[in-house]
Amino acid sequence: MGLFTRDVVALYVQPSRAGLAAELDTWLLGQEASGALERLRVRSLGSGATGPTATPVDALLSATAERLALMPWVATAKQRAGQPIGEELASTGLEGGVRQRLRL
């Protein structure tokens, strides 16, 4: 086993299983609130591995970073397929940043 890192781990649930995703979110937040996840981190990683990891803000920031990281490839694929890339991006507010990164 390699070194422990600060990688972000995400669980993916099929869109058709929205109820399961909500249950998983509720369970994770409950485990964090109860201290169970912190105890597991300390037991597995040592006393320096404290602090919450399953929080809504962290999840939102991770999801946003993940989406932004994919946007250049999405834009390139759409461009190669001859599809417009500006319409969807404009509706999400990401158009300016992606255009700047791709220099479109």
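Tutor: In the protein chain, 32% of the contacts with a separation of 6 or more are between residues 24 or more positions apart; a contact means heavy atoms within 4.5 Å. The model is predicted, so local features need pLDDT of at least 70 and side-chain atom pairs count only at pLDDT 80 or more, while totals for chains, interfaces and linings use all residues. Residues are numbered from 1 along each chain as its sequence is written, and side-chain values use heavy atoms, with hydrogens and water left out.

The secondary structure comes to five helices and zero strands, in the order α-α-α-α-α. Helices (H or I, at least four residues) and strands (E, at least two) are DSSP runs, numbered from the N terminus. The part to examine is helix 3, residues 56–80.

Helix 3 has 25 residues and spans 36 Å from its first C-alpha to its last, close to the expected 36 Å at 1.5 Å a residue; the expected span is 1.5 Å times one less than the number of residues. Helix 3 also has a kink of about 35 degrees at M71, shortly before the proline P72. The bend at a residue is the angle between axes fitted to the seven residues ending there and the seven starting there.

M71 and P72 are also buried, as are A75 and K78, and these four are the buried residues of helix 3. Buried means under 20% relative accessible area, exposed over 50%, and partly exposed in between, with a 1.4 Å probe and protein chains only. In the whole chain, buried residues make up 14% of the 104 residues.

W73, by contrast, counts as exposed because its relative accessibility is 62%. Together with L70 and V74, W73 forms a nonpolar surface patch with about 330 Å² of accessible area. Such patches join nonpolar side chains (Val, Leu, Ile, Met, Phe, Trp, Tyr) within 5 Å, and like charges within 9 Å, among residues with over 30% relative accessible area and no salt bridge. An α-helix has 3.6 residues a turn, so residues three or four places apart point the same way. Areas come from the Shrake-Rupley method with a 1.4 Å probe; for residues, only the protein chains shown count as cover.

After helix 3 comes G82, with a positive phi near 75 degrees.

The whole structure has one salt bridge, a side-chain nitrogen of Lys or Arg within 4 Å of a carboxyl oxygen of Asp or Glu. R41 and E32 form this salt bridge, at 3.1 Å from N to O.
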